[in-house]
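This report walks through selected local features of one model. Keep the sequence and the structure open while reading.

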Amino acid sequence: MGEAGNSIELKHITKQYEDGFTAVSDFNLEVKRGEFVTFLGPSGCGKTTTLRMIAGFDLPTEGEILLDGKSITNLPPNKRPINTVFQRYALFPHMNIYENIAFGLKQKKTPADVIAKKVKKVLTLVDLEGFEKRRVSTLSGGQQQRVAIARALVNEPEILLLDEPLGALDLKMRKEMQLELKAMHEKLGITFIYVTHDQEEALTMSDKIVVMSEGRMQQIGTPEDIYNEPVNAFVADFIGESNIFNGIMTGKLKARFCGGEFECVDDVEEGTHITAVVRPEDVLLTAPEEGIIQGVVSSVIFKGMHYEITVICGKNEMVVQSVKTAQIGSTVGIQVEPDNIHIMIAEDHTNIFYAEWNKNQKLEYNGTKLDTSVTKIIKGSRRDADGTLYDENGEVVDIDKTKVVITIQPDDIEMTDNVEEGLVEGYISNLIYKGDHYSYVIHSDLGQDFIVNDENLWNMGDQVGLIMPVDKMTFTLKR
Ligand code: ADP
Ligand code: MG
């Protein structure tokens, strides 16, 4: 395999923990030799779990991991040419820097003179020449993290895994270390797999970014791809600042959103429901009559290089970056160049779940009786005097052998903080602002996620009840 060969490949990797929670689902990835790949996503999305499987600390429940084309799925960590740098450096406080770095090699019975040479080499690499005798406690956070990196590199791994390695450093130190790590990567020529929840860090450092959410890969691409062409609202929202609107295609290269009709360059069929993404730096403020839409300035914040201006356009809100300020309360026009409007076909967010028949043949969900009846659900069905159920063709229906599928739209579910009022209970695990409302993901106690649209801002982690009116549900019988 040449230079361009795959260093590591993940094939259909799934990790389900003992408690039944699926942290990673059907994860597929090919990393080229020498690449700098970053896993980017919010806390809890499965980044560390994926890294631990690559390192061998955890085994996948499904799927295969290949290194240079050969399966290493069941190889123990110390047999893999892979080393990890953790956020918490885990240096040995009672050892000096030399001993900390030499520790692994000593365990492997490497001759002392070879160890000495290798330690010297990696200390130079992390810019800590002459630090051999220093105690860990006398080093700054940044220096300690460099020792942790040196300790991983001294094993000369083919792949270096870095799990939020700069997370504990202050902003200035983090920026410096980002550049140093990038330089180190170029010098060493080995594969780096880097984990962060910081989109700016990912955009600055990576050759390739893997955006993750809730255990699934959302998008993979270069920083430019991810920034300019997000594949869905989650990626658009997570990467950089975005205005995200629901809309519809009203003609050829014409999209309606935020109360106006905009020209765009994405050729999507008329009538298609879309999500439109506009970056704040791409919005132009004009005189009211020159705008495609008009709005009222509601806030202006000076950000050093530009102003961040919020404009209320009817029920929508547009955030604008501008080098010129604007008057709060004034009416402005808004224009967006066609190629600065990114159109995505709206994802279908219909909620689907399954109900059960209780022993009285009443429909139940999560222990609550739903106010409907068998004869309403099965069109044309009837019961005879002794209770036997017949379908529209006069055939007997064995209700216990059927399953009822319920669907309900995100707009038709109401959230309440009086959790007992809800049909199900859960916490908010994700939220995306969609211009005139928020789209929430509620992780229910039943393990199922529900999508709910709401105009009000709730907080991540809020415990809520979901009120689902029976008259907004559709029922489908599966036999
Ligand atoms: P990240 O690194 O992206 O923040 P993790 O990979 O650490 O996320 O965790 C992903 C999800 O798996 C989280 O919801 C976490 O609570 C869960 N998780 C992690 N380890 C375990 C475990 N040993 N048992 C059960 N669930 C776990
Ligand atoms: Mg983590």
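The model is a predicted one. Its aromatic pairs number 13. One of them joins F92 and F103. The two ring centres lie 4.8 Å apart. Their planes meet at 55°, a value between the 30 and 60 degree limits, so the pair is tilted. F92 and F103 are eleven residues apart, and the pair links distant parts of the chain. F92 sits in the loop between β6 and α2 (97–107), while F103 belongs to helix α2 itself.

A second pair is formed by F234 and F238. Here the centres are 5.6 Å apart and the planes are at 10°, so the rings are stacked. Both residues lie in helix α8 (residues 233–238). They are four residues apart, about one turn of the helix. In general, an α-helix has 3.6 residues a turn, so residues three or four places apart point the same way. F234 is buried, with a relative accessible area of 10%. Elsewhere, ring pairs connect F36, F192 and Y194 into a cluster.

Charged groups also lie over rings. R151 is placed over the face of F92, 5.6 Å from the ring centre. F92 thus takes part in the tilted pair with F103 as well, because its ring centre is 4.8 Å from that of F103. R279 puts its charged end over the ring of Y227, at 4.0 Å from the centre.

**Ligand 1**

Which residues surround ligand 1? They are Y17, D19, F21, A23, P42, S43, G44, C45, G46, K47, T48 and T49.

| Residue | Part of the residue | Distance to an oxygen atom of ligand 1 |
|---|---|---|
| G44 | backbone N or O atom | 2.6 Å |
| K47 | polar backbone atom | 2.9 Å |
| T48 | polar side-chain atom | 2.8 Å |

K47 is also part of helix α1, and it is one of the buried residues there.

Is α1 enclosed or open? Helix α1 covers residues 47–55, and seven of its nine residues are buried, so the rest of the structure largely encloses it. Just after the helix comes G56, with a positive phi of about 100°.

Strand β30 (residues 449–454) is likewise largely enclosed by the rest of the structure, because five of its six residues are buried. Its partner is strand β29 (residues 438–444). The two pair in the antiparallel sense, over six bridges. Within this pairing, I442 has F450 of β30 as its bridge partner. β29 and β30 form a hairpin with four residues between the strands. In that hairpin, G447 takes a positive phi near 90°. In general, the side chains of a regular strand alternate between the two faces of the sheet.

E214 has a phi of about 50°. E214 lies in the loop between β9 (208–213) and β10 (216–221). C258 also has a positive phi of about 50°. C258 is in the loop between β12 (254–257) and β13 (260–263).

Are these two residues buried or exposed? E214 has 38% relative accessibility, so it counts as partly exposed. C258 has 4%, which is under the 20% limit, so it counts as buried.

**N74**

N74 lies in the loop between β5 (70–71) and β6 (82–85). Its relative accessible area is 65%, over the 50% limit, so N74 is exposed. Beyond its neighbours within four places in sequence, N74 is in contact with L59 and R80. V396 is 322 residues away from N74 along the chain, and their C-alpha atoms are separated by 53 Å.

Methods. Residues are numbered from 1 along each chain as its sequence is written. Chains are lettered from A and ligands numbered from 1 in the order in which they are written. This is a predicted model: local features need pLDDT of at least 70, side-chain atom pairs count only at pLDDT 80 or more; totals for chains, interfaces and linings use all residues. Side-chain values use heavy atoms; hydrogens and water are left out. Buried means under 20% relative accessible area, exposed over 50%, partly exposed in between (1.4 Å probe, protein chains only). Contact means heavy atoms within 4.5 Å. Two strands pair if DSSP finds at least two bridges between them. Rings of Phe, Tyr and Trp (its six-membered ring) pair if their centres lie within 6.5 Å; planes under 30 degrees apart count as stacked, over 60 as edge-to-face and the rest as tilted. A charge sits over a ring if NZ of Lys or CZ of Arg is within 6 Å of the ring centre and within 35 degrees of the ring normal. A residue is near a molecule or strand if one of its heavy atoms lies within 4 Å of it. A polar contact is a pair of N or O atoms within 3.5 Å; within protein, one must be able to donate a hydrogen and the other to accept it, and residues adjacent in sequence count only if both atoms are side-chain atoms.
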